[in-house]
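This briefing concerns the predicted model shown below. Please read the sequence and the structure alongside the points that follow.

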Amino acid sequence: MEQYYFHSVTLDKSKCKGCTNCIKHCPTEAIRVRNGKAVIIKERCIDCGVCIRICPYHAKKAVTDPLDTVNNYRYKVALPAPTLYGQFGPGFSRERIVLALKQYGFDYVFEVARAAEIVTNATKCYMSDKNIKKPVISSACPAVVRFIQIRFPNLIDNILRIESPMEVAAALSRQEVNEKYGIPLNEIGVFFISPCAAKVTSVKAPYENRKSNVDGVLSIKDIFIPLLNIMKKQDKITSEPFSLSSAIGVSWAMTGGESLAVKEGRRIAVHGIHNVNDILEEAVKGNLDSIDFIEALACPEGCLGGPLVVENPFIAKVNLNNEIEKIKMNQAHSVPQRHKDMKELEWKSTVEYRPIMKLDDDMMKALEKMNMIDNITESFPGLDCGACGAPSCRALAEDIVRGNAKETDCIFKLREKVNSIAYQLHQIDSTGSMDDDDQ
Amino acid sequence: MGSVVVRDYIIPANDFTIAGEASSNVRKILSQLGVAPDIVKRTSIAMYEAEINAVIHGNGGQAHVEIDENKIVITISDQGPGIEDLELAMQEGYSTAPDSIREMGFGAGMGLSNMKKNSDILDIKTAVNEGTTVLITVFFK
């Protein structure tokens, strides 16, 4: 099954010490240490960024587009994720940040938060249909969608089949620029300013049968200092009348924002990929049938905790809440209701099950392999120490059966073997016998 | 003679937080064996219902699972009070669960009928004060 995999999450080998931190925390057991360096198994990686956060040597990184990619386009559009507004601190308001983007060189700014409101409206429509499978699981977090494809195929039908705010923002802004200013569509470069590695992957290697509306993804880390320097030089905001999104869209950056916006029904918001795993396990068992909507985010504190952010997520939350309070006070300008045709926002096709956990296509062989894995696992000490480079003894047994590792990768097994060889050598030496049966 | 994968689990009495671990485990095994997702789902629902019954009503029990290339056979048994009226128990909505259980969201009375809906063969042996054994068979094709 030839499949092209692009992953934003990558390893800087020069910094990797071959320790056990990332292999132990990866939610899909996608990492192994081989020859002293971490290796990511492409089929299993969901770009959740847990390994980026956990690596003590900063050897794991997210690949994003370099800032100068914007120069490939005559007309540049910025799509700031609402997370950006929480990065700078009091005194650096949303208006100043959006202005700074223009001063940086973007011709047009379309807030992803505005698109989030459109997605919220579409979600409410979708949820009012009696025939949908509940609980509905949000598709805003690409890492969670990938996770479901691999681990929870029975929940694929529960995924909210509406385009993410990033894609909606990209489509709308391109259309607006083309209609208002007559710029040809292919000369418009649309760039998402992202806290998230998984978003990069969803642009460069979209879900089945799709093409992204976004041209490039810039990381918040890269653009932070240039924007800060620009803002420091800003005078008072010349009141440029640009309509900004309302509080609802901005709060999508925090856990709970999306589900709060939906307003009706029993909604839960879960963050952290391991918590998402637990909740999805409950969903699969049928224990969540009374829940209408699940907002599931791979990062702690939601997008504010993404691997590409600058500010501590708890502090960013306070910054963002400040902005939200200001918006609510000035609610005089409310966002005009866009009468968008909801059908345009729906996914044209679904995502597919990725059975990468399968041992073999032939059931007979799969059963045999499973028994082999059981036997090999039993022969291991069961410490899950990680010294072999696999996250657990059972994972190493599986790797061995799949042909990717050998028993003596386990240092305990190796020690046993060395001891046995040493004993035999000792026997030869002391008795002069070449017999193996001296045990 | 093909290979058979065998698993045995202990179902703890009254501990809801870990109830369902056995069926979760079986779900993972079936996925690794390449069983189709909809069959995995049916199996795990049927097994989960039996597991929960053993916890709520049976005071804990044992699960024995055998998987071959055609089917999975799950045997869940307990040494609890047994089912007095099996026909009544199979009715949707009928439950003998105490109030404390219902407050936690269990005891809706759908367990046995869910089990029947999701298994290909369901065999229940029970007698008052002698415990209950549930045999669930699901075919892979």
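Two residues are in contact if their C-beta atoms, placed from the backbone, lie within 7 Å. The model is predicted: local features need pLDDT of at least 70, side-chain atom pairs count only at pLDDT 80 or more, and totals for chains, interfaces and linings use all residues. Residues are numbered from 1 along each chain as its sequence is written, while chains are lettered from A and ligands numbered from 1 in the order in which they are written.

**Chain A overall**

- Chain A has 16 helices and eleven strands; helices (H or I, at least four residues) and strands (E, at least two) are DSSP runs, numbered from the N terminus.
- Along the principal axes, the C-alpha atoms of chain A fill a box of roughly 95 × 50 × 40 Å.
- Chain A comprises 439 residues, of which 46% count as buried; a residue is buried if 20 or more other C-beta atoms lie within 10 Å of its own, exposed if 12 or fewer, and partly exposed in between, with C-beta atoms placed from the backbone.
- Among the contacts in chain A with a separation of 6 or more, 76% join residues 24 or more positions apart.

**Helix α5 of chain A**

- Ten of the ten residues of helix α5(A), residues 142-151, are buried, so this helix is largely enclosed by the rest of the structure.
- The buried residues of α5(A) include the charged-type names R146(A) and R151(A), as well as F147(A), I148(A) and I150(A).
- These buried residues pack against α7 (197-204), α11 (273-285) and β11 (293-297) of chain A.

**Domains of chain A**

- Chain A is divided into domain 1 (9-62), domain 2 (67-132 + 155-251 + 304-345) and domain 3 (363-431), with bounds from an automatic or database domain assignment.
- The C-alpha centres of domain 1 and domain 3 of chain A lie 23 Å apart, and their contact takes seven residues from domain 1 and five residues from domain 3.
- On the domain 1 side, α1 (21-25) and β2 (31-34) of chain A each supply at least two residues, and the largest share, three residues, comes from β2(A).
- That side divides into two nonpolar, one polar and four charged residues; Ala, Val, Leu, Ile, Met, Phe, Trp, Tyr, Cys and Pro count as nonpolar, Asp, Glu, Lys and Arg as charged, and the others, Gly among them, as polar.

**Interface between chains A and B**

- In the interface, 19 residues of chain B are in contact with 19 residues of chain A.
- On the chain B side, α1 (21-32) and α2 (37-56) of chain B each supply at least two residues, and α2(B) gives the largest share, five residues.
- By class, the chain B side has eight nonpolar, eight polar and three charged residues.
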